[in-house]
Amino acid sequence: MTRSPVTTPPSGTEPPKPHPDAPAPGSALGTHYSGCFGCGVDHPTGLHISAFTPDGLSVEAEFVVGEPHQGAPLLAHGGVLATAMDEVIGMSVWLFRKPYVTGRLETDFLLPVPVGTTLHLRAWCNGISGRKAYLEAEGRIGAPDGPVAVRAAALFIEVEMEHFARHGDAEAITAEHHDFEVNP
């Protein structure tokens, strides 16, 4: 994948180290919000992506492409695949125990993804510089070492939790994130 300058870490940016409070290697990651379209267990038509961290720095997940995810007949919609990539990248940056939002997402579609396919997702952070996190992800067909069908590069921006209260639902944030203080 050829990344744009926006998603390429500045020269000399070091990859992050595991956060002391990051989930232990092999741990499953919970949903960041139960109503999230990407990972929320309570979203009726969501992707329901669940993930784990093999090392406290990266995330692995599976996504089964179903009929509701079609674009062309029996093929995954590109926007749904981009959403899956955004979700797994967002899960990886959450390992650093700070809230981030997507600033830019670049997605390359390399192979068609048929309905019924299990897409194996993996995401990692290439570096953090100030409030900017530089991330990548890939989706492989059928197995963790299967052919790469989709790749993504992203720039995520660190925000305060107040961002979500100001632009969203402060009560929902407080209910699901007791470890963060939210002052709208």
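Ten bridges join β5 to β6, and the two strands run antiparallel. Strands here are DSSP runs of E with at least two residues, helices are runs of H or I with at least four residues, and both are numbered from the N terminus. Two strands count as paired if DSSP finds at least two bridges between them. The model is predicted, so local features need pLDDT of at least 70 and side-chain atom pairs count only at pLDDT 80 or more, while totals for chains, interfaces and linings use all residues. Residues are numbered from 1 along each chain as its sequence is written, and side-chain values use heavy atoms, with hydrogens and water left out.

The protein has three helices and seven strands. From the N terminus on, the order of elements is β-β-β-α-β-β-β-β-α-α. Of the 184 residues in the protein, 43% are buried. Buried means under 20% relative accessible area, exposed means over 50%, and partly exposed lies in between, with a 1.4 Å probe and protein chains only. Contacts were also examined by sequence separation, a contact being heavy atoms within 4.5 Å. Among contacts with a separation of 6 or more, residues 24 or more positions apart account for 65%.

The β5-β6 pair forms a hairpin with two residues between the strands. G130 lies in the turn and has a positive phi of about 65°. Within the pair, L121 has G139 of β6 as its bridge partner. β6 is mostly covered, with seven of its ten residues buried. On to β7 (residues 148-158), β6 makes nine bridges, again antiparallel. G139 is bridged there to V150 of β7. The hairpin of β6 and β7 has six residues between the strands. In this hairpin, G142 takes a positive phi near 80°.

β3 pairs with β5 in the antiparallel sense over six bridges. A61 stands opposite L121 in β5. β3 also pairs with β2 (residues 50-53), antiparallel and over three bridges. Here S50 stands opposite E62 in β3. The β2-β3 hairpin has five residues between the strands, and G56 in this hairpin has a positive phi near 80°.

Pockets were found on a 1 Å grid over the protein atoms alone: a pocket is an open set of points where a 1.4 Å probe fits, with protein on both sides within 12 Å along at least five of seven lines, and lining residues have an atom within 4 Å of a point. The lining consists of F52, E60, A61, E62, H120, L121, R122, E138, R140 and P144. β3 (59-64), β5 (118-129) and β6 (132-141) are the elements that give two or more residues to this lining. By class, the lining has four nonpolar residues, one polar and five charged. Nonpolar covers Ala, Val, Leu, Ile, Met, Phe, Trp, Tyr, Cys and Pro; charged covers Asp, Glu, Lys and Arg; the others, Gly among them, are polar.

T53 is found in strand β2. T53 counts as buried because its relative accessibility is 0%. Leaving aside neighbours within four places in sequence, T53 is in contact with P23, A24, P25, G26, S27, L29, S58 and L95.

S4 lies in the segment before β1 (27-29). S4 has a relative accessible area of 16% and is therefore buried. Not counting residues up to four places away in sequence, S4 touches R104 and E106. The side chains of S4 and E106 are joined by a polar contact of 2.3 Å. A polar contact is a pair of N or O atoms within 3.5 Å; within protein, one must be able to donate a hydrogen and the other to accept it, and residues adjacent in sequence count only if both atoms are side-chain atoms. S4 and A154 are 150 residues apart in sequence, with 9.6 Å between their C-alpha atoms.

Positive phi values also occur outside glycine. L74 has phi near 65° and sits in the loop between β3 and α1 (78-94). L74 counts as exposed because its relative accessibility is 55%. R97 has a positive phi of about 60° and is placed in the loop between α1 and β4 (100-109). With a relative accessible area of 30%, R97 is partly exposed.
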